[in-house]
Amino acid sequence: MARWAELPAGLDRRERQLVVQLRRLKDHSGLSLASLGARTGYSRSSWDRYLGGRAPVPRAAVIGLAEVCGVDPTRLLALHEVATEHRAADGHSTGTAQPGADSGPAGRSSAGEHPEPPGPPGGRRRTVVAAALLVGALALGFAAGLTTGLVSGPGTRVAAGPGGVEGPDLVRPDGARWRRGTEHPCEVRRAGGLLHAGHSRERAAYLDINSAGWHVVEAQCLLRHHGFDPGGSDGLYRPAVQAAVRRLQADRRIPVDGVVGPDTWGELRR
């Protein structure tokens, strides 16, 4: 399987999260970009832009990929809604193409591609709220359809959860709260056949640059245990942590994207 090119450095983490999962789904299917284009109605060059992070992925394309791969698109659409809402809030797009009207060479619309269906009046806000809730539960449902499941949203945030309750990324199993600027000990042990450092039981949360909390501490400890020094165990996902993750991924022959997701957690816990 050909290795994916690194995603653009300026790609927002919400967009990155969606694209990483679409890449994994495409890899799991075994389809080439040309075959994917033939089966979804979006051209090969369009999929190359979408999966390269150079153009926003239309909602209909997300649905098409899920249908071709035989998986429920609900959780992918949750990621898509969060990314779309972020673009709308910031007033910019990650590419020049508009959703549903992806531009081909010389600005021409790609033949045969599907337009985006309009949503019902007032329905978009409700959809976005539902999407945000779904992202928090992504790790629970997609593993049944893929060997690597979709990612969960809470591991990417430092903010408190609904009602001001801190999420599992900020509160350790023993009740200790993560605080910025503190180095934590790494005491890695094996329990139930899996490695644990005692800071998090996570096996699916999405971690990338700017992630913070106990999930990151756990990942840092496990990286060091496997011989890939992340530069500390303070719970901050810095470039040094990303570089260590990439080295682990390359060593274990899994997609090298610098992102800790279900497949990378699997190697860290092994």
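Helices (H or I, at least four residues) and strands (E, at least two) are taken here as DSSP runs and numbered from the N terminus. The structure is a predicted model, in which local features need pLDDT of at least 70 and side-chain atom pairs count only at pLDDT 80 or more, whereas totals for chains, interfaces and linings use all residues. Residues are numbered from 1 along each chain as its sequence is written, and side-chain values use heavy atoms, with hydrogens and water left out.

**Figure 1. Order of elements and surface of the chain.** Read from the N terminus, the elements follow the order α-α-α-α-α-α-α-β-β-α-α-α, which amounts to ten helices and two strands. Of the 270 residues in the chain, 49% are buried (under 20% relative accessible area, with exposed meaning over 50% and partly exposed in between, for a 1.4 Å probe and protein chains only). The accessible surface, computed by the Shrake-Rupley method with a 1.4 Å probe, is about 12700 Å², and carbon and sulfur atoms contribute 53% of that area. Where contacts (heavy atoms within 4.5 Å) link residues at least 6 apart in sequence, 59% of them join residues at least 24 apart.

**Figure 2. Glycine 10 in the segment before helix 1.** Glycine 10 lies in the segment that precedes helix 1 (13-29); because its relative accessible area is 76%, this glycine counts as exposed. Glycine 53 is 43 residues away along the chain, and the C-alpha atoms of glycine 10 and glycine 53 are separated by 9.8 Å.

Figure 3. Rings of Phe, Tyr and Trp (its six-membered ring) pair if their centres lie within 6.5 Å, and planes under 30 degrees apart count as stacked, over 60 as edge-to-face and the rest as tilted. By this rule there are three aromatic pairs. Tryptophan 47 and tyrosine 50 both belong to helix 3 (residues 44-51), where they are three residues apart, about one turn of the helix. Tyr42, Trp47 and Tyr50 together form one aromatic cluster. Both tyrosine 42 and tryptophan 47 are buried, and tyrosine 50 is buried because its relative accessible area is 0%.

**Figure 4. Arginine 172 over the ring of tryptophan 214.** The charged end of arginine 172 sits over the ring of tryptophan 214, at 4.5 Å from the ring centre (the rule asks for NZ of Lys or CZ of Arg within 6 Å of the ring centre and within 35 degrees of the ring normal).
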